[in-house]
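Thanks for coming, everyone. Let me put the structure up, and then we'll walk through it.

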Amino acid sequence: MTTIKDILNFFESFAPAETAMDFDNCGLLVGDKGTPVTKALVTLDITADVVSEAETMGCELIISHHPVIFQPIKRMNTRSVPYLLARSGIAAVCMHTNLDLSEEFGVNRCLAEAVGIKNAVKSKLGECMMTGRLDKPMSAKEFAENVKNALGCDGLRYTDCGREIKTAAVACGAGGSDIFAAAAEGVDALVTGEIKHHEINAANELGVSVVDSGHFKSEDVVILPLIKRLEGKFAEITFTKSKTYSDNMKYL
């Protein structure tokens, strides 16, 4: 019988916990390593609805990207997600920045491949960034439209610095701070999930176009490839992507 420990060991082969950033909280956050697993729900975040979904499906485990416990817990009410997980007897494995940073298989790798960045390599300058080339040059607007379609975005923000996009960087999630590294790497554009106002100003001054796809869309791209990878290792476990989780962002 496959246990949570077996799944954790598999994650160590391509996203070791020790590679997570020092502020992070990764690994088995709820439950016991010895728990047998036959069904697992995979999601970007664990919410109360996701716990209910997993319980209805008979899952012993939820695998998520974002940690269900991030800061020290000082109080737990009956509506809190860790309480709901424990009450339902469902374990939580959370793989965050260690999965972001995995060069072999991680969020940035999946993001780069999805938006058409070829032969992406981990940046030596960016904290959480990969860089590569496009198959053919395109305008900033064309590139933004390509990202929108590739990630299934209902809307996104982009800037156009006036030059063709031949090379690009990806920094999933809140990766806007990597704009300075992207400029130092000499790429034409940065695809990220969140970028702050002063970072947009810096991008304009540095001549790097920006595509801001939203945090959820920039990272949800890893879930289906992760399920495929897990299924290839653990054929005896049913892995399912959550149907209830969304960031619920709407665009006018």
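Which residue in β11 stands opposite A40? It is F239. Keep in mind that this is a predicted model.

Strand β2 covers residues 39-43, and four bridges join β2 to β11. Those two strands run parallel. Now take the whole sheet. It is open and has five strands, in the order β1-β4-β3-β2-β11. The pairing is mixed. At the edges stand β1 and β11, the latter being residues 238-241. Each of these two has a single partner strand, so one side of each is left without a neighbour in the sheet. On average, neighbouring strands are turned by 25 degrees against each other, direction ignored.

Next, the helix on this sheet. α1 packs there, touching β1, β3 and β4. Its direction makes about 15 degrees with that of β3.

Which residues of α1 are buried? In this helix, residues 4-12, they are I4, I7, L8, F10 and F11. Seen down the axis of α1, they fall within an arc of 155 degrees, so they line one face of the helix. The general rule: an α-helix has 3.6 residues a turn, so residues three or four places apart point the same way. The buried residues of α1 pack against β1, β3 and β4, and also against α10, residues 223-233.

Last stop, T43. It sits in strand β2. Is T43 buried or exposed? Its relative accessibility is 3%, so T43 counts as buried. Its side chain reaches the backbone oxygen of D45 at 2.8 Å. Leaving aside residues up to four places away in sequence, T43 touches several others, among them V50, I62, I223 and Y245.

Notes:
Residues are numbered from 1 along each chain as its sequence is written. This is a predicted model: local features need pLDDT of at least 70, side-chain atom pairs count only at pLDDT 80 or more; totals for chains, interfaces and linings use all residues. Side-chain values use heavy atoms; hydrogens and water are left out. Buried means under 20% relative accessible area, exposed over 50%, partly exposed in between (1.4 Å probe, protein chains only). The arc is that of the directions from the helix axis to the C-beta atoms. Contact means heavy atoms within 4.5 Å. Two strands pair if DSSP finds at least two bridges between them. Axes are lines fitted to C-alpha atoms, for helices over the stretch in contact, and angles run from 0 to 180 degrees between N-to-C directions. A polar contact is a pair of N or O atoms within 3.5 Å; within protein, one must be able to donate a hydrogen and the other to accept it, and residues adjacent in sequence count only if both atoms are side-chain atoms.
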